[in-house]
Amino acid sequence: SAICKVLVEVVDVNDNAPELVVSSFSSPLAENTVPGTVLALFTVRDRDSGANGKISCGLEDQLFFSLRPAYKNYYQLVTVRALDREQTARYVLRVTAADAGSPPLTSTHTFSVDISDVNDNAPVFNQSSYTMYVRENNAPTLLVGAVSAADADAGLNAKVTYSLAAAAERPPCSCISVNSENGHVFVLRALDYERLRQTEVTVSASDAGSPPLRANVSVRLVVLDENDNAPVVLYPAQDGSAASSELVPVSAEAGYLVTKVVAVDADSGQNSWLSYQLLRASEPGLFTVAAQSGEVRLRRPLTDRDSVRHKLLVLVRDNGKPPLSATAALSALLLKDFSDVRLPQGSPAAEEQGGSLTTHLIIALVCVSLLFLVSAALVVARKVCRRRELKAARALHGADNSQSGLADAAAAGTLPRPYCYEISLGTGSGNSEFRFLKPVVPSLPPQHCALGQGPQQQQHFPCVPGSTEDVAPHSPGTVSARHFNAL
């Protein structure tokens, strides 16, 4: 016998597929995750050897994610772009590992990545603005419409609540309310078209995110008119007691314009279209009323048999449903000559004219009396003031300026009011002369003037006040006539 060793070498055959072992995986992933974030970490292995054990990995979707080798057979699954949950809420990633055998064997592992929501979308209304209509005199808490907004986020971030927002330039209208849950718009009270024709409010939609996002929309409420106002007659004026009188010449022909009824209606549209109709007349065949303009004209010429005074009643009606109406009462006076107009005594127009004239006369009399009293008071006050001023001036300047005033007057060739003269009459002549002695001070007792013929025949007289004149010197015993007359 003999013994030998037989060495059997087992040649590897590629009969084992690669294996992928996940070490960590993060899901869901927030949509605001920054690019480069590691989503998963895994390793691959193959029990074959040689080329059969060499493994390569690949990822099908390379738009938002990619594979990055880490260490030896470890790989990282990372994000490469920003994510948006509103576009794609879940990503399904397939990682394929293949060996280098012949034929190669592969294995696939699937990663399901959910994207979590972030409150990055504000509510959006389905219209850019809303217009709603309501008829006036509506019932309170009437539903007139609704607003609707949607949020692209999910969960609480998509829950929308509605409210009225206060505009900066105007306060919110107190007649409109909005339901916070469903956006229904209500009118809280009855509206009047003549007072409020339209109003505008701002409705805000807010989500429940943190922080919350909101959006605003304009809601315009238009009030529709109802025929709730009767026509109002402006001319002729209706005072409730009697109609105004229109003057018509007896020579007027057919078609003569007597007057025109003027009326207005506070409503709008067809509700304010007015028509006129002659409802009643003292002589129906004499007058006619234009249906559209309200002009009152003569239907035929006047005759002597027509009465002087005529009464008319005109009906004014609008075009609403149901129509509302008013009446205008007027009267016409037939006159031969307008220059001799006499209103009938006892008529309301005559009484009104007489009362107006009396009122005007009373007002004029009161004004004249007040003017006279004011003028008299001003004159008296002015005189009193001037007297007080003169007394004050004399009191201030009388004592101090008496001597200086006399000296100045003598130097200027004039004499003060109190002065004295000496009269000498010569025996041998019929002429005389004045000789000025001295001025008399006002505070001294009155002086006397001496009158005589010669030194022994002098007589004394009281001083004569008056404005003095220049005295020319004369010969002794002579006096001028003007000086004597002055004395």
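The chain has 3 helices and 30 strands, counted as DSSP runs of at least four residues (H or I) for helices and at least two (E) for strands. This is a predicted model, where local features need pLDDT of at least 70, side-chain atom pairs count only at pLDDT 80 or more, and totals for chains, interfaces and linings use all residues. Residues are numbered from 1 along each chain as its sequence is written, and side-chain values use heavy atoms, leaving out hydrogens and water.

**Whole chain**
- Of the 487 residues, 31% are buried, meaning under 20% relative accessible area with a 1.4 Å probe, protein chains only.
- Contacts are heavy atoms within 4.5 Å. Among those between residues at least 6 apart in sequence, 65% join residues at least 24 apart.

**Annotated segment**
- UniProt, in an unreviewed entry, lists residues 361-381 as "transmembrane region"; such annotations may be inferred rather than shown by experiment.
- In the model, residues 361-381 are 100% helix and 0% strand, and their end C-alpha atoms lie 30 Å apart.

**Aromatic pairs**
- The whole structure holds 7 aromatic pairs, that is, rings of Phe, Tyr or Trp (its six-membered ring) with centres within 6.5 Å; planes under 30 degrees apart are stacked, over 60 edge-to-face, the rest tilted.
- Phe42 and Phe111 are tilted, because their planes meet at 40°, with ring centres 6.0 Å apart.
- Phe42 is in strand E3 (residues 38-45) and Phe111 in strand E8 (residues 106-116), so the pair ties together parts 69 residues apart in sequence.
- Phe42 is buried at 0% relative accessibility, and Phe111 is buried at 3%.
- Phe125 and Tyr130 pair edge-to-face, 6.4 Å centre to centre with 75° between planes. Both Phe125 and Tyr130 are buried.
- One aromatic cluster is formed by Phe25, Phe42, Tyr75 and Phe111.

Definitions and conventions:
Buried < 20%, exposed > 50% of the residue type's maximum accessible area, 1.4 Å probe, protein only.
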